[in-house]
Amino acid sequence: MKQLMLGNAAAARGLFESGCEIISSYPGTPSTEITEEAAKFKEIYCEWAPNEKVALESAFGACLAGKRAFCGMKHVGLNVAADPLYTASYCGVNAGLIVGVADDPGMHSSQNEQDSRHHAIASKVPMLEPSDSEEAKAFINIAYEISEKYDTPVLYKMCTRVAHSQSIVETGERSVPAQKAYEKNISKYVMAPANAIRRHPFVEQRMKDIEEWSCTSGINRIEKGSNADFGIITSSTSYQYVKEVLGDSVSILKLGMVNPLPAKLIKDFAQDVKTIIVVEELDPIIEQFVRSLNLKNQIYGKDIFPICGEFSQNLLKESLSKVIPSVKPVDAGELKTLDSQLPVRPPIMCAGCPHRGMFYALNKLKVTVFGDIGCYTLGSAAPLSAMDVTLCMGASFSGIHGWNKAGGEGNEKKTVAVIGDSTFMHSGMTGLAQIAYNQSNSTVIVLDNSITGMTGHQQNPTTGKNLYGDPAGKIDLEALAKAMGINRVRVVDPYNISECETAVKEELEVNEPSLIISRRPCALLKEVKPKPALKVDEAKCKSCKMCMKIGCPAISMKAGKAKIDETLCVGCGVCSQMCKFGAL
């Protein structure tokens, strides 16, 4: 049966059809929907783990128990999971193990533009990279076959455009292999130095064997073109752009396996063309490998293509026109434009966002704020501008500790750190342990909105529900902080600005670590019922624009008076605390 599917949904379908039984992931755009879609199949157990490292270690344990397993994350999450990945490469697997990673060229929702192929190369793990939804499904089964045949975890690389675009997929039936018996093997699974030394040569030979397989398996394929002068080597969405721009006019070596790269196949391809053009987003990994083969062909890559950002059909046309005479540069007349300019729509915290009141208080107090990764990172945007630095998940608590140790009381009395409840569970706990153990007088704030908001409302260990929404273990943040050695713990309502301001002032003055929990559920949760929208009494409005200082999208100024959009306002009342004239 043929269906139109998102790439992530197709990957989930592939997991179902291939007999995957255990999935442990951490949500991260653009990978999140793989696990969410897989959870719709009752035959697959799915869970959200506290972070990517834990998720991969859990999936590894499941594969050792003899069932096919999957672990999903975004590219920066693979950094967190790198420790188990690199050693799992040495251990190998029992049943098949796939590690899904989704890159984000263009940084639509990420703090960097990292290329995950580097992790595949460094960990010596094969990596498959589908270019559309059909391949997204098919490559899952191939990945399991590779994993079990060659005794290796397999990296499965998506990117934003493949993950979130749709194409036709032909679905099939589910086939579950028999559970593999676990056999105790200390030399294989206990990676003490003496055992690891013996496993390393196995890993090197395994990669050679997989490369040889990839040259003839069909995972990489040559498409002959009418023009023998030019040959394109490409993969993923770049392949789709090449086909749209060039059609069948040039020969293409389409790579489905991007690690290890197929040296023999590339050499064979090079013999039939004069010029090779490598088309790949982000880093020149394929290009550098091709150049290392010392081919006689003229080779183009990042000398005509950008190293930053996403590609597009227009970008390819413009770049290829520099070296392929038949490709005409992009004509401005070809580009379709709107008759009128649309207004800019920058990301902003939602109307009624529980973080807004706390960020307003921090801005008012003029404190330095160490931020973290989550929807609350938008607290850095004007007019709140209440964040000074954001590095990576969990870094705010660790960062403020180092800042305060370096600056002493001068820093301690005017610096706070903020982190979300989900991010705190992900990697903020260790930062809090650092503060408690090494005793910096740090004031830190957990912005507890009772959900993982940024990636679309996934549960986490503080919500009391699992991935399916069923009751689950719930971590008590107050009890946890006290158990970790934080004696001063207080809870505030972020809709109450004065309460937030007072709490921050008081905790900054004490000479010991303290934790403030800013607790109110996300305004977009289904169980959170909005209050009636506020209205503006124009007779009382003095056009002072104080209400505009909280950056709520429901508030605007029209004809010199404040105006509230009743379709957006949830009645949180934060703006009314700003108005000295009782106009709201």
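Proline 260 is found in the loop between strand E12 (257-259) and helix H12 (263-271), where helices (H or I, at least four residues) and strands (E, at least two) are DSSP runs numbered from the N terminus. The structure is a predicted model, in which local features need pLDDT of at least 70, side-chain atom pairs count only at pLDDT 80 or more, and totals for chains, interfaces and linings use all residues. Residues are numbered from 1 along each chain as its sequence is written, and side-chain values use heavy atoms, with hydrogens and water left out.

The peptide bond joining asparagine 259 to proline 260 is cis, with omega about -5°. A cis peptide bond also runs from alanine 382 to proline 383, with omega near 5°; proline 383 is placed in the loop between strand E15 (368-370) and helix H16 (395-407).

Positive phi values occur in residues other than glycine. Methionine 107 has phi near 50° and belongs to the loop between strand E5 (97-103) and helix H6 (117-123). Its relative accessibility of 38% makes methionine 107 partly exposed, the class between buried (under 20% relative accessible area) and exposed (over 50%), for a 1.4 Å probe and protein chains only. Serine 236, with phi of about 50°, is found in helix H11 (residues 236-246) and is buried at 5% relative accessibility.

Helix H15 (residues 355-365) and helix H20 (residues 497-509) have axes that come within 9 Å and cross at roughly 50°. Axes are lines fitted to C-alpha atoms, for helices over the stretch in contact, and angles run from 0 to 180 degrees between N-to-C directions. Contact (heavy atoms within 4.5 Å) involves Gly357, Met358, Tyr360, Ala361, Leu362, Lys364 and Leu365 in H15 and Ile497, Cys500, Glu501, Val504 and Lys505 in H20.

Arginine 174 lies in the loop between strand E8 (166-170) and helix H9 (186-189). The C-alpha atoms of arginine 174 and glutamate 17 are 3.8 Å apart, although the two residues are separated by 157 residues in sequence. Beyond neighbours within four places in sequence, the contacts of arginine 174 include Phe16, Glu17, Glu43 and Ile44.

Zero disulfides are found in the whole structure, a disulfide being a pair of cysteine sulfur atoms within 2.5 Å. Cysteine 71 is in none, its nearest cysteine sulfur, in cysteine 20, being 11 Å away. Cysteine 71 is buried at 0% relative accessible area.
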